[in-house]
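Here is a briefing on one protein model. Look over the sequence and the fold, then go through the points by topic.

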Amino acid sequence: MPNITRRGALGLASAAAGSLILPRFAIAAADTRPSITIAVQKIANSNTLDVLREQSNVGQRIFNSSLWEGLIGGDWLGSVKSVPMLATEWRRIDDKTVELKLRQGVKFHNGDEMTAEDVAFSFGKSRMFGDSQPTNGKTIFIDDSSNPTNHKTKELPAEVPAVARRSWPALQGVTVVDKYTVRFINATPDVTMEGRISRSGSEIMSRRGWDEAPSYLDWARKPITTGPYMVAEFKPDNSLLYVAHDEYWGGRPPLKQIRFVEVPEVASRINGLLSGQYDFACDIPPDQIAGIEQNAAFEVQGGTIQNYRISVFDSHHAQLQNPLIRRALTHSIDRQAIVDSLWLGRTAVPKGLQFETYRSANMFIDGWDVPKFDLDLAKNLVQQANYKGDPIPYRLLNNYYTNQVATAQVLVEMWKQAGLNVEIQMNENWQQIQEKGPGRAIRDWSNSAPFNDPVSSLVAQHGPNGQQQQTGEWSNAEFNKLSVEIETSTDRARRKVIFARMLEIAEREDPAYTVLHQNATFTAKSKAIHWKASPAFAMDFRPGNWA
């Protein structure tokens, strides 16, 4: 290398400046924002970043507040109530129509401004509904052979219109009023349309980003959205890298990069945090919190969230066709013992599949509760069913949920005390868990309530277009008829009566599931990082939540 004097170096710099006019931000100081690494047990179950396919707890963590945004958002650092997001205001036109004013100047990751055309496209046939029509209570069955990994076209995976009709069973379409105004038009009356607009699956994407993608899969692994961070690299089953979207409407993101890495084992996540390899370690079991906080440099944040852990039944399995066996399963569980022993009292047993937020809409059923723990009753039900001890398969993932394996082992012992022969079968992924066949009987799941009405959970998850019926595990004619009525009725008192009856069917008479406990999530980090965990799976790294 030749020697370059200070004067020579200045001369070269002057010549470069003379030939190239640099913008101010390029001349300014280097980007000193931090880059962080987050250890998670799983990034995405579907190996895509499509919010309509990745309807999961892990998806909420990487999507909400970072990548995808809706017209109405959630207050992730407060009560998770609805707040203006990509829309600044909205109003009811009638029982079937909601009009929204869009936020002006919002930029997508490709630099385009978001307009009403993008919103209408996000809720259109090509992106969301495919050939499906407003369902009026008809179940859309998912084709398990659909595999978006093999897609070389823009054909939607079967799950996308199925989930879309779960979220929007009667949406006719979104019409453009002007550049910054849209109207959502339903085929039937719906008092929950504003809630549906705010729920996961109703986020907005760039139409040009979709049009320019070579295939569905190419788009789904790098969607063009409005969030504060955008996809730089996604390695399925390995890592996801976000970089700051500096034209974000909510202000310059505080982080330069966010990297999520899959670390399935709890011990490896904790050790990596303590050694400095990771800045955050997610999904910490309660019994590990004290050990982490023995190191004064670290802390664990988190607590209960609006999500319940449940056990789901396939009523077509030979041993579960008789509802008496399913009822016996529900009465054999000492839920409080699970909360006390595995969660150290850091969560609670809820009042069935209903959420405290329902009280704001006067839809909470006081006096309702989970099936009581009554071993004598469970034994009696088993005897009435003439059960002969044949095995009941219990498909299980390796701690996808916190304490999942330990909880399953406890449940099997509790069921054994009632005379039920439940056998754990370990599986590698959700496709194996949900695969139809004689081996599908009991599985784990969790349910959330994206807004303050039962249609957001009980109907959306277990009704005609809920996942449990879409995959053919359970169905009940009266329940389905009531699902349609509660979705279309504007009589709020009648809707509450319907909800109470639906709980009675799905949790007592013909059990579709049983609620175990409220979920909780705990995240470990250095105390030097000034960041606040939200009361949800979502991790908020927007401006204002980092110092």
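Helices (H or I, at least four residues) and strands (E, at least two) are DSSP runs, numbered from the N terminus. The model is predicted: local features need pLDDT of at least 70, side-chain atom pairs count only at pLDDT 80 or more, and totals for chains, interfaces and linings use all residues. Residues are numbered from 1 along each chain as its sequence is written, and side-chain values use heavy atoms, with hydrogens and water left out.

- D283 is not a glycine, yet its phi is positive, at about 55°.
- D283 sits in the loop that runs between strand 11 (280–281) and helix 11 (289–293).
- D283 counts as buried, because its relative accessibility is 9%; buried means under 20% relative accessible area, exposed over 50%, and partly exposed in between (1.4 Å probe, protein chains only).
- N399, also a residue other than glycine, has a positive phi near 60°.
- The loop between strand 13 (392–396) and helix 15 holds N399.
- N399 has a relative accessible area of 30%, so N399 is partly exposed.

**Helix 13 against helix 15**

- Two packed helices are described by the angle between their axes and the distance between the axes.
- The axes of helix 13 and helix 15 (residues 404–417) cross at roughly 145° and come within 11 Å.
- Here axes are lines fitted to C-alpha atoms, for helices over the stretch in contact, and angles run from 0 to 180 degrees between N-to-C directions.
- The crossing of helix 13 past helix 15 is right-handed; a crossing is left-handed if the near helix is turned anticlockwise from the far one by less than a right angle, and right-handed if clockwise.
- Helix 13 contributes A337, I338 and L342 to the contact, and helix 15 contributes A406, T407, V410, L411 and M414; contact means heavy atoms within 4.5 Å.
- The residues of this contact divide into 7 nonpolar, 1 polar and no charged.
- Ala, Val, Leu, Ile, Met, Phe, Trp, Tyr, Cys and Pro count as nonpolar, Asp, Glu, Lys and Arg as charged, and the others, Gly among them, as polar.

**The loop between helix 13 and helix 14**

- V370 lies in the loop between helix 13 (335–342) and helix 14 (375–384).
- V370 is buried, because its relative accessible area is 12%.
- Which residues does V370 contact, leaving aside its neighbours within four places in sequence? They are R335, V349, P350, K351, G352, R508 and V515.
- V370 and R508 are 138 residues apart along the chain, with their C-alpha atoms separated by 9.0 Å.
- D374 lies in the loop between helix 13 and helix 14.
- At a relative accessible area of 21%, D374 is partly exposed.

**Rings and charges**

- The whole structure has 23 aromatic pairs; rings of Phe, Tyr and Trp (its six-membered ring) pair if their centres lie within 6.5 Å, and planes under 30 degrees apart count as stacked, over 60 as edge-to-face and the rest as tilted.
- F123 and W168 form an edge-to-face pair, at 6.1 Å centre to centre and 90° between the planes.
- F123 is in the loop between helix 4 (116–122) and helix 5 (125–129), and W168 is in the loop between helix 6 (159–167) and strand 6 (171–178), so the pair ties together parts 45 residues apart in sequence.
- Both F123 and W168 are buried.
- A cluster of W68, F121, W210, Y216 and W219 is linked by ring pairs.
- R309 places its charged end over the ring of Y401, 4.7 Å from the ring centre.
- R359 has its charged end over the ring of F364, 3.9 Å from the ring centre.
- A charge sits over a ring if NZ of Lys or CZ of Arg is within 6 Å of the ring centre and within 35 degrees of the ring normal.

**Helix 6**

- Helix 6 is mostly covered, with 9 of its 9 residues buried.
- Its buried residues include the charged E159, R165 and R166.
- The buried residues of helix 6 pack against helix 5, strand 6, helix 7 (193–198), helix 9 (216–220), helix 17 (458–462) and helix 18 (467–470).

- M85 is in the loop between strand 3 (82–84) and strand 4 (87–94).
- M85 is buried, with a relative accessible area of 6%.
- Beyond its neighbours within four places in sequence, M85 contacts residues including E69, R103, W249 and R542.
- G544 is in the segment after strand 16 (513–526).
- G544 is exposed, with a relative accessible area of 77%.
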